[in-house]
Amino acid sequence: FQNPVKARVVKKEYSGKTGGNDFALLKFTPSPKLTPVIFTNRVNRMDRVSAWGFPVLVTQFDQSFDDILEGKLKKAPPMVYTEGTVNALVEKNRQMTVIHSAAIAGGNSGGPLVNARGEVVGINTWGYTEEDEGAFVNASIPTERIVPFLQRCGISPQFSRTSPALPQ
């Protein structure tokens, strides 16, 4: 993505609870160069994953990000890519969360968590660091929680051939 485009928020959903849904659907005029996002609802412990996004730790040093914040849509800042592994699939109040080791930071929220086949398995949402212990945890909302939001917005996401679509 070299040229940013203007988008508008079509729908938002926020539960207000830690670990709850926090989604926004944006509408923009797509470029013919874009390929559709492919989802999968298959994610397992030890799967290789990558996080994609625009963490402030990086964008604060890029002039193109400052320009966008000032309304000057010249070029997009570089997308940051990190790799890791799914460490655990945890569930609380019947809501699954993907815990992974692909580094994320403030600004990564809303970016995809992608498996080794290029399929979206989740949306990065939060990270936690225990500085005294040197431990960190990164979390993503899995596809099984994203798809119902998209369907409520009238969007039918594409699934990989190896992943059965979630029930309607």
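How much accessible surface does the protein have, and what share of it belongs to carbon and sulfur atoms? The accessible surface comes to about 11000 Å², and carbon and sulfur atoms account for 54% of it. The model on screen is predicted.

**The whole chain**

Three helices and ten strands make up its secondary structure. Followed along the sequence, these elements run β-β-β-β-α-α-β-β-β-β-β-α-β. The radius of gyration is 16 Å, close to the 15 Å given by the globule rule for 168 residues, so the protein is as compact as a globular protein of that length. Along the principal axes, the C-alpha trace spans about 45 × 45 × 30 Å.

Of the 168 residues, 33% are buried. Among contacts with a separation of 6 or more, 57% are between residues 24 or more positions apart.

**The largest nonpolar core**

Next, select F23, L25, F39, V120, I123, I141, I146, V147, F149, L150 and F159, and show their side chains. These eleven residues form the largest nonpolar core. Helix α3 gives the largest share, four residues. In soluble globular proteins, nonpolar side chains tend to be buried together.

Stay in this core and centre on L25. Which residues does L25 touch, leaving aside those up to four places away in sequence? Its contacts are R8, V9, V10, K11, F149, L150, C153 and I155. F149 and L150 also belong to the largest core.

Another core, of nine residues, lies apart from the largest one.

**Aromatic pairs**

Now show the aromatic side chains. The whole structure contains three aromatic pairs, and two of them are visited here. A pair of aromatic rings is described by the distance of the centres and the angle of the planes.

For another pair, move to W52 and Y81. The ring centres are 4.8 Å apart and the planes stand at 70°, so this pair is edge-to-face. It links distant parts of the chain, 29 residues apart: W52 is in strand β4 (residues 48-53) and Y81 in strand β5 (residues 80-92). W52 is partly exposed, at a relative accessible area of 31%, and Y81 is partly exposed as well, at 39%.

Finish by selecting N93 and R94. Where are they? N93 is placed in the loop between β5 and β6 (95-100), and R94 is found in that loop too. Most residues other than glycine have a negative phi, and most peptide bonds are trans. N93 has a positive phi, near 50°, and the phi of R94 is also positive, near 60°. N93 is exposed, with a relative accessible area of 68%, and R94 counts as exposed at 78% relative accessibility.

Conventions: Residues are numbered from 1 along each chain as its sequence is written. This is a predicted model: local features need pLDDT of at least 70, side-chain atom pairs count only at pLDDT 80 or more; totals for chains, interfaces and linings use all residues. Side-chain values use heavy atoms; hydrogens and water are left out. A nonpolar core is a set of buried Ala, Val, Leu, Ile, Met, Phe, Trp, Tyr and Cys residues joined through side-chain atoms within 4.5 Å. Buried means under 20% relative accessible area, exposed over 50%, partly exposed in between (1.4 Å probe, protein chains only). Helices (H or I, at least four residues) and strands (E, at least two) are DSSP runs, numbered from the N terminus. Contact means heavy atoms within 4.5 Å. Rings of Phe, Tyr and Trp (its six-membered ring) pair if their centres lie within 6.5 Å; planes under 30 degrees apart count as stacked, over 60 as edge-to-face and the rest as tilted. The radius of gyration is taken over C-alpha atoms; the globule rule is 2.2 Å times the number of residues to the power 0.38. Accessible areas come from the Shrake-Rupley method with a 1.4 Å probe; for residues, only the protein chains shown count as cover.
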